[in-house]
Amino acid sequence: MFKAVIPARHASTRLPGKPLLDIAGKPMVVRVAEQALKSGADEVLVATDHPEIESVCINHGLQVVLTRGDWPTGTDRIAEVAQLKGWSDDTVVVNVQGDEPLIDPALIDLVAKALLEDAQDIATCGHAIDNWEEFKNPNVVKIAMREDGEALYFSRAPIPYPRDAYATESWLQGVPAGQLGIRHIGLYAYRARFLKVYQTLPPARIEVLESLEQLRALANGFRIKVCMIQDAPLPGVDTAQDLEKVRALFGSR
């Protein structure tokens, strides 16, 4: 059994009020919660800093927790929920991003199961990159992994760096398809004891440089299991263009 928490922040640089944006007749945060409710979670909650989002969730019969408004990350917001709820240290909590209305419930189950069956502190997902432009794109986060499937490092840079392919200018021709690297999928499962510690840790230097909060966990010795999936999940909503694509996908269903 595990908990699924959806952090839903009202402020957004690109799309203000993003959790409330309409997708096929329902607010985005409701669409995300509906997907999470199809998973094996025994409890699904929305964690928000805004009364309007709280009201919308209540009106749609969703559990919601009103949190502080000054948290820098969704992980901090979820940690507050774990504390308010008094969840035990071994409770597994899945962070379901509030802008993923098409998230596959099976993916939520996958990362939760990874922690329920193993000893790591965090679990996340990744899939093989077979596109050179994606491998170079700093908006695509890459993972370097240990042989046992735990994360060594996350970066916006191309990692592992294909030295020989670059040196010979063969690029893709020098690297087999699907072996360029591993793309990180921003879905996390945590043990509640990690969440309690996370809030006490100052930002790590590598976290600030890369602007990747998961590096704070690695920098402080926490273990992150990577669950490999075959294909990229359906798109989330970061921009107005993403929103229109997701609306179109819902409209075609």
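Author: Helices here are DSSP runs of H or I with at least four residues, and strands are runs of E with at least two, both numbered from the N terminus. The model is predicted, so local features need pLDDT of at least 70 and side-chain atom pairs count only at pLDDT 80 or more, while totals for chains, interfaces and linings use all residues. Residues are numbered from 1 along each chain as its sequence is written, and side-chain values use heavy atoms, with hydrogens and water left out.

Reader: Which helices and strands each supply at least two residues of the lining of the largest pocket?

Author: They are β1 (3–8), α3 (74–85), β10 (181–191), α9 (214–219) and α10 (240–251), and β10 gives the most, with 6 residues.

Reader: What makes a space a pocket, and which residues count as its lining?

Author: On a 1 Å grid over the protein atoms alone, a pocket is an open set of points with protein on both sides within 12 Å along at least five of seven lines, and a lining residue has an atom within 4 Å of a point. By that rule 50 residues line the largest pocket, and K18, Q97, D99, E100 and D238 lie nearest its centre. The space in this pocket is about 2100 Å³, a volume being the space filled by probe spheres set on the points.

Reader: Why is the E207 and R216 pair called a salt bridge?

Author: A salt bridge needs a side-chain nitrogen of Lys or Arg within 4 Å of a carboxyl oxygen of Asp or Glu. The closest N and O atoms of E207 and R216 are 2.8 Å apart, so the pair qualifies.

Reader: How do you know whether E207 and R216 are buried or exposed?

Author: Buried means under 20% relative accessible area, exposed over 50%, and partly exposed in between, with a 1.4 Å probe and protein chains only. E207 stands at 8% and R216 at 5%, so both count as buried.

Technical notes:
On a 1 Å grid over the protein atoms alone, a cavity is a set of points where a 1.4 Å probe fits but cannot get out, and a pocket is an open set with protein on both sides within 12 Å along at least five of seven lines; lining residues have an atom within 4 Å of a point.
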